Number of protein chains: 2
Amino acid sequence: MARKHTIGDIAKLAGVSKATVSRVLNNKPDVDPATRARILQIMQEVGFVPSITASGLAGGRNRLLGVLIPSFNWFYVADIMRGVSETIGHTPYELLVYSINDMARDNDKGDILDHIFSTKLPAGLLAILPGRSAQYVERLHIHGFPVVMIDDAAHHTAMPWINVDNVQGARQAVKHLIALGHRRIGHILGKKDYLCTLERYQGYCQELEASGIAVDQTLVSQGDFEYLGGVEPARQLLSLPVEQRPTAIFAANDLTAYAVIDVANSFGLRVPEDIALVGFDDIASSLLVRPALTTVKQPFAEIGKHGVELLLSLLDDSAQPSFIFPSAETSRQPLQQVEAHSVQIVLSTRLVVRSSCGAKPLHHHMKDSFP
Amino acid sequence: MARKHTIGDIAKLAGVSKATVSRVLNNKPDVDPATRARILQIMQEVGFVPSITASGLAGGRNRLLGVLIPSFNWFYVADIMRGVSETIGHTPYELLVYSINDMARDNDKGDILDHIFSTKLPAGLLAILPGRSAQYVERLHIHGFPVVMIDDAAHHTAMPWINVDNVQGARQAVKHLIALGHRRIGHILGKKDYLCTLERYQGYCQELEASGIAVDQTLVSQGDFEYLGGVEPARQLLSLPVEQRPTAIFAANDLTAYAVIDVANSFGLRVPEDIALVGFDDIASSLLVRPALTTVKQPFAEIGKHGVELLLSLLDDSAQPSFIFPSAETSRQPLQQVEAHSVQIVLSTRLVVRSSCGAKPLHHHMKDSFP
DNA sequence: CTGTTAGCGCGTTCAT
DNA sequence: ATGAACGCGCTAACAG
């Protein structure tokens, strides 16, 4: 393991001043190519690693990226974090995680955001916030702190922002059910006041109407994105007289769909034979429940990736990342798929067909189809 | 939101030197109680937040705790991280996450540990490593970097280390099955070369023998902790002639148990009616599969919590010049559930009875038992 | 008990 | 194109 070297050491070895070493470190233009090469060479050899701490102090900006998550236990958070951490791995930044539920200080989300703002430890923040908590994050944005939101309720703001197209996603789900011959398609709504709840409902309505099917409010029931919150609305829909009962249900998310499966079974109904089912999210467990869930896949890892890229594009225009870890020569990919001026990104979803909808899957997934 | 203040500002406001402010900041004993109170008061008022960056540079030790995880996508990692983040929330430390699979640099675990060691960004590292990768972490430990391992294969080392009692856990599972009247109890082993695989198998054997049941090797089959890797051994066990076929199976972990459920169903067998099933881990999805899985619960959050506490105790110790100043006042209170000298902690497991074992659950879990 | 003096490792002026 | 010098905010010796 390499000993700890400072730019002073490198400077001596290279026979230049510390300032020059600092210049190549920060990729400044005005350095003689020859000496730059020599310095880089030496840094390689001795395994020089600049002090994030010191450069942070001196430069005023740390090479740390903050990510605020609602909880480590939410299934989809893990997928987003995978994308986040993978993307950060391609940069000289490190990953700092703030979790809301788990904070010692009161659960007030404003508090933790205050903390982040006042410490200014991370150079920027990627905030995954459900519901209408965007306002807290917006405060940071207003104060000039680089922030990217991953949320459904942030449309009203001008903050850099990233999300999926919930309307299209819902339409994909309903379209598929219609294509399978269903006409009475029920919907269990997500949590009230969430924008994505509304959007998915809108997509549901749009697709029905596009097929000439009138939206029947008796087939729409209020859920809350949780398993338990899905039980009652599922009961409600499945309790309808057979001729009114939906033959298919589009649940606002996967957890809600799980509740439908269980309620259906408890009613002596089978999924998908008696009731076709499509969820939304494609969290990891949807591959494990039986029947495996057909669902609208949110590209969580992509969301995380684009979120980080967008955030990075906000940070530096001048000092492009410096010098990467010695072994990562090829890993420098252009982080600029994100347009410099597009501060809002909408990713698209994809329908993943498994067993719960009753369609014959085109591509059998390994786990799904092993028997 | 509070403006940014430095200790210099506080010093002026309090009419003392920066050194004194620094002293109260670091809870040094020799400060006049009155001035200490006054300074704290002022810090409160102006909302002073010390710069982690600067104190890290000056003191040589950052208020950052590193956690190395194999992946954000492993179910149990999320639970451990919940405990970790919750515990860190009670301290002035921040959480720095390193993920292995997702690193841009080659997947070599040694590389990322080198990186951590050479940057020395975090004050210490909590490493969740599967298998025998402990050696990489051990290098850090040898070089004096504070490290705590969460792993099954680290018994051979003297590193601070934390884990669950796999033998007892396995015995709990098997004991329960025996109590339900089962005599032919099969076992699907975990991944080869993992210590916890061996330990769980040993527990399985011990409990059988304690009940006067001979271990039958035809009832033991090799898995690998993965769902897919559980399919074949499950097939093997369930293909046995009825009179030899196990009436119950103890799977080395939950994912393997899921495979047993699916294979059983594909054989026209029902869980738990035809085959009782107990898993190990109690990952979140075990509440969602059907039948809900009876399993040996690993206290993942506790593991994370104790891991952090142990790590912090290592840090504090090294920072204490206690030999020189045998002060009478020990105002250092928290985090000392962990004995100063116990560098290895073994937590115990708990059997969570749900549907898959065929026993009538004593306590119906909400989700589990809603119908 | 408290103030003074040095740095920690690096970025960023100024000069040259 | 490069060096010298200063300072980021704080901790850690030293004195008193």
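This note goes through a predicted model with chains A and B, point by point.

1. **Conventions.** The model is predicted: local features need pLDDT of at least 70, side-chain atom pairs count only at pLDDT 80 or more, and totals for chains, interfaces and linings use all residues. Residues are numbered from 1 along each chain as its sequence is written, chains are lettered from A and ligands numbered from 1 in the order in which they are written, and side-chain values use heavy atoms, with hydrogens and water left out.

2. **Chain A overall.** Chain A holds 13 helices and 12 strands. Both element types are DSSP runs numbered from the N terminus: helices are H or I with at least four residues, strands E with at least two. Of the 371 residues in chain A, 58% are buried. Buried means under 20% relative accessible area, exposed over 50%, and partly exposed in between (1.4 Å probe, protein chains only).

3. **Surface and contacts.** The accessible surface of chain A is about 15000 Å², and carbon and sulfur atoms account for 52% of it. Areas come from the Shrake-Rupley method with a 1.4 Å probe; for residues, only the protein chains shown count as cover. Take the contacts in chain A between residues at least 6 apart in sequence: 69% of them join residues at least 24 apart. A contact means heavy atoms within 4.5 Å.

4. **Domains.** Chain A splits into domain 1 (7-58), domain 2 (64-151 + 300-346) and domain 3 (166-298 + 352-369). The bounds come from an automatic or database domain assignment. Domains 2 and 3 are each written as two segments. Between the centres of domain 1 and domain 3 of chain A, taken over C-alpha atoms, lie 58 Å.

5. **Record annotation.** An unreviewed UniProt entry lists residues 6-59 of chain A as "domain: HTH lacI-type". UniProt positions are given in the numbering used here, feature names are shortened, and annotations may be inferred rather than shown by experiment. In the model, this span is 70% helix and 0% strand. Its end C-alpha atoms are 16 Å apart.

6. The same surface serves both: 92% of the contact residues of chain A recur in chain B. Superposition is by least squares on the C-alpha atoms of residues with pLDDT of at least 70 in both copies.

7. **Helix α11 of chain B.** Since 11 of its 13 residues are buried, α11(B) is largely enclosed by the rest of the structure. The buried set includes B:D254, B:Y258 and B:D262. Their cover includes β6, α10, β8, β9 and β10 of chain B. B:G268, with a positive phi near 80°, follows the helix.

8. **Cis peptides.** A:R290 and A:P291 are joined by a cis bond, omega about 0°. A:P291 sits in the loop between β9 and β10 of chain A. In chain B, the bond from B:R290 to B:P291 is cis, with omega near -5°. B:P291 lies in the loop between β9 and β10 of chain B.

9. A:K120 has phi near 55°. It lies in the loop between α6 and β3 of chain A and is partly exposed, at 39% relative accessible area. A:D281 has phi near 130°. A:D281 is in strand β9 of chain A and counts as buried, at 8% relative accessibility.
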